[in-house]
Amino acid sequence: MDKSKLYILKIGGNVIDDPKQLESFLSSFAKIEGAKILVHGGGKIASSISKELGIVPNMVDGRRITDAETLKVVTMVYGGLVNKNIVALLQSYGCNAIGLTGADANILPAQKRPVKEIDYGFVGDIDEDKVNDKILSSFLENGLCTVIAPLTHDNHGSLLNTNADTIASVLAVSLSANYDVSLTYCFEKSGVLRDVNDEKSLINSISSIEYEDLKKEGIINQGMIPKLDNAFDALQKGVQSVQIIHADEIACLINQTKPKGTELYA
């Protein structure tokens with residue numbers, strides 16, 4: 001039996017911060033036919049509001065250290081400001097969307113990350129075997145596009161800040177049992193670049209072996225590492241297609257043509 005197509009897109013980077021870019025992206029996203037899920041970030045907005053409130057953002061290897069005060073900020077920004085703005089815009093483009101955190105309908109239970117070399121604070125590691133894919137499938141089957149904020153919960157009353165790239169990957173793996181999942185990471189670059197300052201240095205495809213070499217050479221570093229770690233994890237766990245593209249390229253998904261970007265291979 002053929003599986004239905006499911007598009008899972010993660011949007012982040014400067015696209016979230018720029019109203020015109022975000023509106024353009026969401027206008028195209030709304031036109032993608034069939035089942036779709038949008039996972040969003042919003043870290044730069046959270047950092048900006050944190051500074052306005054006198055809370056200095058603390059990042060380690062592209063990941064945010066989330067103390068109690070920072071958790072309040074990311075809850076407001078991710079679960080409120082960014083999430084509901086996206087939902088409202090999608091409604092204006094004729095896409096019936098519902099905005100959720102991982103606590104809603106218990107879709108993404110998680111554990112507070114244990115302290116090892118670094119104490120990340122209120123950061124969640126998702127319980128991958130407890131993802132509520134049945135509820136998510138019911139939303140999709142009823143024509144609802146789910147818009148998911150990068151927040152999970154610990155089943156003890158606390159929300160947890162969780163990497164949006166990880167959420168997109170985990171959802172893709174969980175839902176791949178019942179759908180033909182295409183996982184796409186969208187941001188302001190044309191894909192994975194050999195030189196982050198040169199858009200012409202796009203790497204068209206990367207295998208898992210090549211990825212390890214690129215990390216050793218220092219070509220891929222900082223915030224791109226969590227993104228690619230999650231992407232390759234999804235591929236190895238059964239997701240059919242994973243790509244990293246410029247947000248403008250999602251118009252190709254409307255026409256079901258291959259977007260320009262970086263295709264990943266297990």
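**Around helix α3**

I looked up what covers the buried residues of α3, and the cover includes α1 (14-17), β4 (63-64) and α4 (68-92). Cover here is contact, meaning heavy atoms within 4.5 Å. Helices (H or I, at least four residues) and strands (E, at least two) are DSSP runs, numbered from the N terminus. The model is predicted, with local features needing pLDDT of at least 70 and side-chain atom pairs pLDDT 80 or more, while totals for chains, interfaces and linings use all residues. Residues are numbered from 1 along each chain as its sequence is written, and side-chain values use heavy atoms, without hydrogens and water.

Which residues of α3 (43-52) are buried? I noted I45, A46, S47 and S50. Buried means under 20% relative accessible area, with a 1.4 Å probe and protein chains only. After α3 comes G54, with a positive phi near 80°.

I listed partners of L171, leaving out residues up to four places away in sequence: I8, I37, V39, L108, V131, L136 and I148.

**Helices α7 and α8**

Last, I looked at where α7 meets α8. S208, Y211 and K215 in α7 touch I225, L228, D229, F232 and Q236 in α8.

Note on methods. Buried < 20%, exposed > 50% of the residue type's maximum accessible area, 1.4 Å probe, protein only.
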